[in-house]
Amino acid sequence: MSTDTPPPAPPAPRSPGVSIVVIAYNDVAHVAEAVRSALSQGRDVAEVIAVDDASTDGTGAVLDDLARVDDRLRVLHRTTNSGGCGTPRNEGLRAARAPYVMFLDSDDVLAPGAVRTLLDAARRHDVPVVAGACVRRELPQRHDVRWQPTLFRREAVYERPLRPSLVRDTLCVNKLYSRDFLTAHAITFPTDIHYEDFVFQARVLTAAPRVAVVPQTVYVWHVRRGAPRPSISLRRDHTDNWRDRITAHRRAVAVFEEAGADPLARAARVKFLDLDLRMYLRELPQRDPEYRATWWRLARAYLATFPETELREAPPAARWLARFLLAADQPRDLTRAAQLAARPARLVPPYAADPVWADDLPAPLDGVEDEPLQRLPFTVDARFRGNRLQVRLHDLYGRLARCGVFSLDLELRHRDSGYAGQMVSTVPRLDGASYTAELRLDFDALADRCTPGRRVDVWDLRMRVSCENGRYLRAALRPVGPRPRRAAVPSRRHGLLLVQPYTTHGGSLALRLAPGARGLLGVGARRVRRLTSAYRRAAPVGAR
């Protein structure tokens, strides 16, 4: 008789576990890419349910063609448009048959391996909800910005009571849900408002599940600012959008309060101050007077309902902006307000006495005396002159003078990889209530750190300020003076460098660097793409 141990039986194949609901309306250019990103997730996907919300541009036909190729795709055609995202998502959810469900918008994509990552975490931790990292991808530049990065630094499981920071992740598309969990708690999307994610996520969190978070990127949120029909989150040039956001946020807070989840309600209000309010306020100088007046009235009315405790819990910039709005009955000082609303925040001079926002506006800057330096909105002005950078660091009510500034360290970090390309240090000069310095950049050395094969690299500039008492702070640089122009710089190693300082969407100074002939071609190609895109947006429909 043989005593050999028989080989272990192969593991049984896992049954498909996920239904993916894709909602689409008049998105014929992108819906196929979205659906394919779901179908390509592999055997864990039992079905993809595409809900066509009465499209008129051929979206439904594209979906039907895809369904004939892959029988996992089911298409639901609505005969009337719902006007939002809640109704089609609910219809897809009702039609789902797999144990787990995910949601996908027609102009976005799932990252490769997203379903497997989330499903493995759900089974490993035995949780009904798993959230993964999301990136906002600016197109056509393909610049990625991580969504709520501090929440997705590492894998974690949160037990009841849930961590208040989970409230800041209001998305539903970067998550996997147990369908039984949603059904048991009757959790659906509201159908009468935009920003329905806010309320849906509040309902999920108040049902008090165990929630797992994984650091892997699972969702790519495409941001197309030049699209003929921007997504709802980009339609901020209409005050109805601001009204919708306030309504959705108010209802989400009510969900928390009715469930007795007061810490989550407080966290939601703080999130509104630090995220929503700042996002709209930094765009307010670009709006017309009628928009500003309506936006201001709506904002003040809602902020008046916030308890003082929530204002005190908000970061200084958000807290000071809320106090400023409540104190001013009409729009004013919008340029300074937009700078304070930027990320990172900057409170630009002039500074009033006391300290207050302005001598005639009693909006106190509470916390300026005892907040950690890292939380205060110091301003660093910067101006390029060739390869020299002139900087001015403005003190904030004497906080820097008391700690004794002894060095300024300029850091240039690669936009995509995050690695440091160059560090330039200097000792600043005290000039009244500010510190000034001039730093010389080595563009040749920076070009050596550019990504091989890439035509243009982007470098973000940050200033580290070190004090004699061991404290330090980091701040972005604010471009001042004439708009910097692109310059061709001779290079010992690359022949020629194309250098372009520019202002980011957040108002900070950044640097584009294109080394050699390859870089020049890249810059030319980018310019052609921009001109072509502008022509397409401007041309009448019949001419396209």
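The axes of helix α9 (residues 289–303) and helix α11 (residues 316–327) come within 9 Å and cross at roughly 110°. Axes here are lines fitted to C-alpha atoms, for helices over the stretch in contact, with angles from 0 to 180 degrees between N-to-C directions. From α9, W295, W296, R300 and L303 meet A322, F324, L325 and L326 of α11. Contact means heavy atoms within 4.5 Å. The contact residues divide into 7 nonpolar, no polar and 1 charged. Ala, Val, Leu, Ile, Met, Phe, Trp, Tyr, Cys and Pro count as nonpolar, Asp, Glu, Lys and Arg as charged, and the others, Gly among them, as polar.

The model is predicted: local features need pLDDT of at least 70, side-chain atom pairs count only at pLDDT 80 or more, and totals for chains, interfaces and linings use all residues. Residues are numbered from 1 along each chain as its sequence is written, and side-chain values use heavy atoms, with hydrogens and water left out. Helices (H or I, at least four residues) and strands (E, at least two) are DSSP runs, numbered from the N terminus.

The axes of α6 and helix α7 (residues 239–258) come within 8 Å and cross at roughly 10°. Helix α6 is therefore roughly parallel to α7. On the α6 side, the contact is made by F198, V199, A202, R203, L205 and T206; α7 supplies R245, A248, H249, R251, A252, V255 and F256. By class, this contact has 8 nonpolar, 2 polar and 3 charged residues.

Helix α6 (residues 196–206) also holds E196. At 4% relative accessibility, E196 counts as buried (under 20% relative accessible area; exposed is over 50%, partly exposed in between; 1.4 Å probe, protein chains only). Beyond its neighbours within four places in sequence, E196 is in contact with C85, G86, R89, F189 and P190.

The largest nonpolar core has 169 residues, and I20 and W295 have the most contacts inside it. Such a core is a set of buried Ala, Val, Leu, Ile, Met, Phe, Trp, Tyr and Cys residues joined through side-chain atoms within 4.5 Å. Leaving aside neighbours within four places in sequence, the contacts of I20 include A38, V45 and M102.

Helix α1 (residues 31–39) is mostly covered, with 7 of its 9 residues buried. Among the buried residues is A38.

Definitions and conventions. Parallel < 35°, antiparallel > 145°, perpendicular 65-115°, else oblique.
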